[in-house]
Amino acid sequence: RELTGEVELCISAYVESVEWVDEVAAGGDNGDSVEDGGGDKLLCATLSDLDEAFTANVDRLHPERSFFSAAFAARLSAEADARRGAAGLPGAIAPEVPIGILRDLRKKLPGAITRHVSAISAAVRAKIERVVAELVDATSHPRFRRLLLQSASALLVERTASAQAECARLLEYEGAELHTSNHYYMDIVQQLRRDILAEKHPDAKAVWSERPFLQHLNFEALKKQSNREQELVDLQIKTFAYWKTLKKRLIDYVQMAARCNLSTELLNARLKPALLISTESAGKMRTLMAPDERLERERIDVAKRIQALEEAHQLLAAAPASLGLSLEELAQRSKTASSPTAERKPSPEAAPAPAPFSFAPGAAKSSFTFGVPAAASPVAAPFNFGAAPAPSALAA
């Protein structure tokens, strides 16, 4: 018979469970955790770990000391020399000098962002696969399990591509124009000017212990330099401050774009409808919910064995009526017949079996007959092993 309403209700229960568990993993109100890897860990906790790792990776792309190194200063100087001659105040440097420097600094960002989005996608995929594996048995419903995983995988690929596109768009914004209205930028500039250019800084040792790469940039050294050289130091400070501002806002937006596409929106809004649509369009529910072929073969074998046992039971139940015996008497006779110590008396009607061979009485030991009684044996033995044959017999 066709399976209808009951199976549809069962499938809805599966989908509801998947949505609930992933909602908890995404940081819902329920505090229950979902086991991940070696221990119990929410998906939101895993994503927070990945966010921290992404921040550390971006920080390592260009450490603070690299902005105040001799190599970076020489690079700024070369860029300024290539654009010298523009009108302006003495020592002024063309405003487009940092543009090329910052463009080179951004070259490593796309790779770090792509790896971060891929890591978020892999964590969400692993969580979905684990939840489906816990809720849908691979042996009982292999087709249904594969359908859920395929639907979730297709949706995850789509949302991963969307997150990558949005992050690429953020990088385009950073490359289009150098812009910020955040006071964080000028706070860094003023703080570094104070730390570097103050004639007698009260906390100079504390500053240098935290940032030893600033020790060579002190007031005594800078006041001996030209206007242009001092302007280059100020440009180093501004480039460093803008990079920190760019990095801070970009990291926040990349993490938000990845979480929105791969966690919040996917798990809370898109996963359940996608699973329901794929289930409803899969065809016959009976085929979709069918067990594994090996399990089906085992089920058929067990059904055949049960049928044979039922037929044997019917024969045993009908035996007492046909033989006029009770089941206890049949059991006792069966036990007696199968006992190895039971006496076996020959039937009186049965005749004794003839001997395979017998010696004729009174005959020589060399004479015997096969299968013939002694009384009916001829006088002459048919076989005589003791005497030599007559010549006439040999001739014949």
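**View 1. Glu-174 and the residues it touches.** Leaving out residues up to four places away in sequence, Glu-174 touches Arg-106, Tyr-242, Leu-246, Arg-249 and Leu-250, where contact means heavy atoms within 4.5 Å. This is a predicted model, where local features need pLDDT of at least 70, side-chain atom pairs count only at pLDDT 80 or more, and totals for chains, interfaces and linings use all residues. Numbering runs from 1 along each chain as its sequence is written, and side-chain values use heavy atoms, with hydrogens and water left out. Glu-174 sits in helix H7; helices are DSSP runs (H or I, at least four residues), numbered from the N terminus. Its relative accessible area is 7%, so Glu-174 counts as buried (under 20%; exposed is over 50%, partly exposed in between, with a 1.4 Å probe and protein chains only).

**View 2. Arg-249, one of the partners of Glu-174.** Arg-249 belongs to helix H11 and is partly exposed at 23% relative accessible area. Besides Glu-174, Arg-249 touches His-179, Thr-180 and Tyr-242, again not counting residues up to four places away in sequence. Asn-182 is 67 residues from Arg-249 along the chain, yet their C-alpha atoms are separated by 9.9 Å.

**View 3. Leu-250 and the largest nonpolar core.** Beyond its neighbours within four places in sequence, Leu-250 contacts Leu-109, Ile-113, Leu-170, Leu-171 and Glu-174. Phe-68, Leu-109, Ile-113, Val-124 and Leu-250 touch the most other members of this 66-residue core (buried Ala, Val, Leu, Ile, Met, Phe, Trp, Tyr and Cys residues joined through side-chain atoms within 4.5 Å). Elements giving it two or more residues include H6 (109–135), H7 (142–176) and H11 (227–280). H11 gives the most, with 19 residues.
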